[in-house]
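I opened the model to look up two things.

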Amino acid sequence: MILRNCRLIPELTEGYTGQYADLVIEGKEIKGIYPIGEYQTGNDTEMDIQNRTVLPGFFDLHAHLMFCDQDYNASMLRPQNKYLIDSIKHAKSYLRQGYTTVRDCGCDFYGSVAVRDAVAEGIVQGCRVITSGKILSPTTKGNSSFGTLYKEIDCADDMLEAARIEMAQGVDFIKYMVTGAVLNEGGVPGAMVTTPEEIAALTKAAASLGTYVAAHCHGTEGIYEAIKNGVHTVEHATYIDKRCIDLILEMGNQTAIVPTLAIAYTLQNELFAGGVAPEFVAKAKDVYQHMVSGAKMAMEAGVSVGWGSDLDMEFMEKYPGLEFMARKDFGVGNVTLLKQATIDSAKIAGIDKLCGTVKAGKYADLAVFDGNPDEDLDVLQKLPVFVFKEGKQFID
């Protein structure tokens, strides 16, 4: 297939310097990027992109495919089969919005493992899924808010066994609770709920199994200890401070942060529907302001910042581009945000050789938008005109 008359963004394109080009797709990959009209053949299907902007497919490094809406209590009462069906729908919805890769940070019944495999085998249409399974956690307030999603581990000596059990279920990485949570009833987001010894034991166990730990962290102490003890990503990173940032840099930027603005933004701006407890709204409003200032400070210092939303399917569909709108408060350039959603997150996920930029030899993971999102992020509040994943066009 040849995509004619594509508008490209230089910072998201490799191996080609022009702003407009024809993209040649062969199989799963971009075969080549050519000046408009230069590549001629009579044997290929052609599509005129009409000078629309072609972006690499987006990443969401903090997704929960299980969340169909913000009525969390009802969500936990679904039968297991409905839970899986909703997760499949969410994966399809992500792809429709231009997200070709998501990292699921906790899904009960190992549902996201099944979704990942079904998508990879072509059984269902959806985004590429990188997934954890049960959320490992110390025994603490609020874990029961999400039914059997949490698996409680209360001893450093038990971390290796817990990690092995998760990996045996087919997960790609380990998710661990280091601090309290906004959406856990009675949880205190800033409070550290584990110990440095437990974190160290889990990261060592994960490394021995060829994987890593993504640590749920809001509070400053928890963030610091997570970084110090070798987690790969700090999720949310709400109350990150200069001491934490300096430690990341001292340790060679081995830890990235994944702020999740969209979910807090909906609660901050009271965009939510019924079913959200007032307690969650109050906590989210405080979290949002700190997350914005902390993430901006981290970016300015040179810390790797990934793209995460923590958003349910209903609100993703109701407010396309919501994470972009929320991150506008960072006060950084549009291209910086586009890079976070693509190549920067691809590097954090460890698949930047396969995707994350428009480049010959990489997967043809592409999202085509009307308008110029590098100049006006509001363009992303509308769905992409076309989406391709591994060379196949998304057909709704």
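My entries on these two topics follow.

**Entry 1: ground rules.** I note that this is a predicted model, in which local features need pLDDT of at least 70, side-chain atom pairs count only at pLDDT 80 or more, and totals for chains, interfaces and linings use all residues. Residues are numbered from 1 along each chain as its sequence is written, and side-chain values use heavy atoms, with hydrogens and water left out.

Entry 2: Rolling a probe the size of a water molecule over the atoms shows where empty space is left. I worked on a 1 Å grid over the protein atoms alone, where a cavity is a set of points that a 1.4 Å probe fits but cannot get out of, and a pocket is an open set with protein on both sides within 12 Å along at least five of seven lines. Lining residues have an atom within 4 Å of a point. Points are joined across faces, edges and corners, and a volume is the space filled by probe spheres set on the points.

The largest pocket comes to about 510 Å³. I found 23 lining residues, and V119, A120, G126, K389 and E390 are the closest to the centre. Elements are DSSP runs numbered from the N terminus: helices (H or I, at least four residues) and strands (E, at least two). At least two lining residues come from each of α3 (111–120), β8 (128–131), β16 (386–389) and β17 (392–393). The largest share, 3 residues, belongs to α3.

I sorted residues by class: Ala, Val, Leu, Ile, Met, Phe, Trp, Tyr, Cys and Pro are nonpolar, Asp, Glu, Lys and Arg are charged, and the others, Gly among them, are polar. The lining of the largest pocket has 12 nonpolar, 4 polar and 7 charged residues.

**Entry 3: cavities.** I searched the whole structure and got 2 cavities of 30 Å³ or more. The second largest cavity has a volume of about 150 Å³. Of its 19 lining residues, Q97, Y99, P320, G321 and L322 are the closest to the centre. Both β6 (58–63) and α11 (322–327) supply at least two residues of this lining, and α11 gives the most, with 3 residues. I counted 13 nonpolar, 3 polar and 3 charged residues in the lining of the second largest cavity.

**Entry 4: α2 and α3.** Axes are lines fitted to C-alpha atoms, for helices over the stretch in contact, and angles run from 0 to 180 degrees between N-to-C directions. The axes of α2 (residues 80–96) and α3 come within 9 Å and cross at roughly 50 degrees. That makes α2 oblique to α3; angles under 35 degrees count as roughly parallel, over 145 as roughly antiparallel, 65 to 115 as roughly perpendicular and the rest as oblique. Contact (heavy atoms within 4.5 Å) is made by L84, S87, I88 and A91 of α2 and G111, A114 and V115 of α3. By class, this contact has 5 nonpolar, 2 polar and no charged residues.

**Entry 5: α6 and α7.** How do α6 and α7 lie to each other, roughly parallel or roughly antiparallel? Helix α6 (residues 220–228) and helix α7 (residues 242–250) pack at about 10 degrees, with their axes 9 Å apart. They are therefore roughly parallel. T220, I223, Y224, I227 and K228 of α6 meet R243, C244, L247 and I248 of α7.
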